[in-house]
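Please look over the model shown here.

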Amino acid sequence: MQRLSFVILCLFLLVSPTYAQWYESQGHAYVIQGDSIEARKKAIENALKKALLVAGASVSSVQQVVNGLLTQNEINIRATGNINAFEIIDETHEDKTITVTIRADIIPQTRQCFSADYRKSMLITKSHLVHREQANIGGIYSLDSAIMKRLSDQIKQNGTYLSPQLSVKSSSAFSRYNNSLQLDKIKAVSMSLANITDSQYVMYSEIEDVSFATQAENSWAFWQEDIFERFFQLTVHIYNGANGERLFEKTYRNAAPWTFNKREQVDPHSQVFWQSRYGQIIDQALNQVSTDIDDNMMCQPTRGKIVQVNADQVRFNLGKQHGVQIGDEFSLLHLKNFTTDSGHSYAGFNVSPFNVKVIRVSQSSAVAQTTDGALIDSIQINDLVVRY
């Protein structure tokens, strides 16, 4: 085990004079094609992102590595928190994996979005394997469900702002509608899935490339079977379940040698697959997906669906698992869908004059009462509570 301990002082945006707090976190990265310097950089970045997210902040990148040592940091913090300093307190290299443990001195700033207090419910649907014929070598046809299961587990373990639900038994019509640019139908199916599953957001994805390079990686070693590099490309889409609007879209690309025999059938749900070099680079991509969407959803409004209205009280489908507490206040929105002259449908909202405060909370729902005791006469079931 190699142990390093050093402190790097960093200057960031508008350092607040408030008291700092130390956060310790661990980051991991796989060594791909022998590039331990790049892997070490990614492990440090992963650890810093975790520390910042736990502290209520977000981080986009850690750049510029020289000889494996972090010499300059360009960390863009979109929400609450700045790093005053950090130190690497442990580093291990084991079985092509680099693990670093860092301790970061994070200075909190004034909160910029109240919705960051809550975990947003998001439905993760089965991915779509765009070119199924590419999955023939290895027989990895079930990759479309395996990677979404893996992503859901990563979000549950490392995410801060999302509460995922997984639905991979059947495919949605998203890819068909997306391919033919039927945007209204994507809106409709997103709103329908969100309503059925009590989710605020719906995530779709498309596996666009699992093909092979044309040149063997080990062509010089004539006594070995040729090992070819295999590509991986995934595009992720996230839609608002309340109005069907797209909130996030990003493509992730990577590649690694396919180390299995070309006639061997490989189960994408198995540890043998995920411990292979190809499985590891997919894991890295999914880790980045998890970080990106968690960061992106942080300041999205927290919306809950009203499931019961009774005099001056409403019950809605957000609870302890989403971070709701007694005393939290919400505004009420009345759904008002409309259709344009061109025939396109949109979900609109009327902001109610009522504000409600949570008086009871269970694991998956809460009851809130108007703050002035007024009777709620303009809100009905399926309308929304919202906190920005």
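## Positive phi in loops

Asn-382 lies in the loop between β18 (366-370) and β19 (384-387). Strands (E, at least two residues) and helices (H or I, at least four) are DSSP runs, numbered from the N terminus. Asn-382 is not a glycine, yet its phi is positive, about 80°. At 37% relative accessibility, Asn-382 counts as partly exposed. The classes are buried (under 20% relative accessible area), exposed (over 50%) and partly exposed (in between), with a 1.4 Å probe and protein chains only.

Leu-181 also has a positive phi without being glycine, near 55°. Leu-181 sits in the loop between α3 (174-179) and α4 (183-197). Its relative accessibility is 66%, so Leu-181 is exposed.

This is a predicted model: local features need pLDDT of at least 70, side-chain atom pairs count only at pLDDT 80 or more, and totals for chains, interfaces and linings use all residues. Residues are numbered from 1 along each chain as its sequence is written, and side-chain values use heavy atoms, leaving out hydrogens and water.

## Strand pairing around β15

Strands β14 (residues 302-310) and β15 (residues 313-316) run antiparallel and are joined by four bridges. Two strands pair if DSSP finds at least two bridges between them. Val-309 stands opposite Val-314 of β15. The hairpin of β14 and β15 has two residues between the strands, and Ala-311 there takes a positive phi near 60°.

β15 also pairs with β18, antiparallel, over four bridges. Here Gln-313 has Gln-369 of β18 as its bridge partner.

## The second largest pocket

The second largest pocket has a volume of about 350 Å³. It is lined by 18 residues, and the closest to its centre are Asn-195, Gly-241, Ala-242, Lys-305 and Leu-384. A pocket is an open set of points on a 1 Å grid over the protein atoms alone, where a 1.4 Å probe fits, with protein on both sides within 12 Å along at least five of seven lines; lining residues have an atom within 4 Å of a point. The volume is the space filled by probe spheres set on the points, which are joined across faces, edges and corners.

α4, β14 and β16 (329-339) each supply at least two lining residues. The lining divides into five nonpolar, 10 polar and three charged residues. Nonpolar means Ala, Val, Leu, Ile, Met, Phe, Trp, Tyr, Cys and Pro; charged means Asp, Glu, Lys and Arg; the others, Gly among them, are polar.

## Aromatic contacts

There are 11 aromatic pairs. Rings of Phe, Tyr and Trp (its six-membered ring) pair if their centres lie within 6.5 Å; planes under 30 degrees apart are stacked, over 60 edge-to-face, the rest tilted. Tyr-118 and Phe-330 have ring centres 5.8 Å apart and planes at 35°, so this pair is tilted. Tyr-118 lies in the loop between β6 (97-107) and β7 (120-125) and Phe-330 in strand β16, so the pair ties together parts 212 residues apart in sequence. Both are buried: Tyr-118 at 1% relative accessibility, Phe-330 at 2%.

Phe-212 and Trp-258 have ring centres 6.3 Å apart and planes at 85°, so they pair edge-to-face. Phe-212 is partly exposed at 23%, whereas Trp-258 is buried at 3%. Ring pairs link Phe-212, Trp-258, Phe-260, Phe-273, Trp-274 and Tyr-278 into a cluster. The charged end of Arg-230 sits over the ring of Trp-258, 4.5 Å from its centre. Arg-230 also lies over the face of Tyr-278, 5.9 Å from the ring centre. Such a charge has NZ of Lys or CZ of Arg within 6 Å of the ring centre and within 35 degrees of the ring normal.
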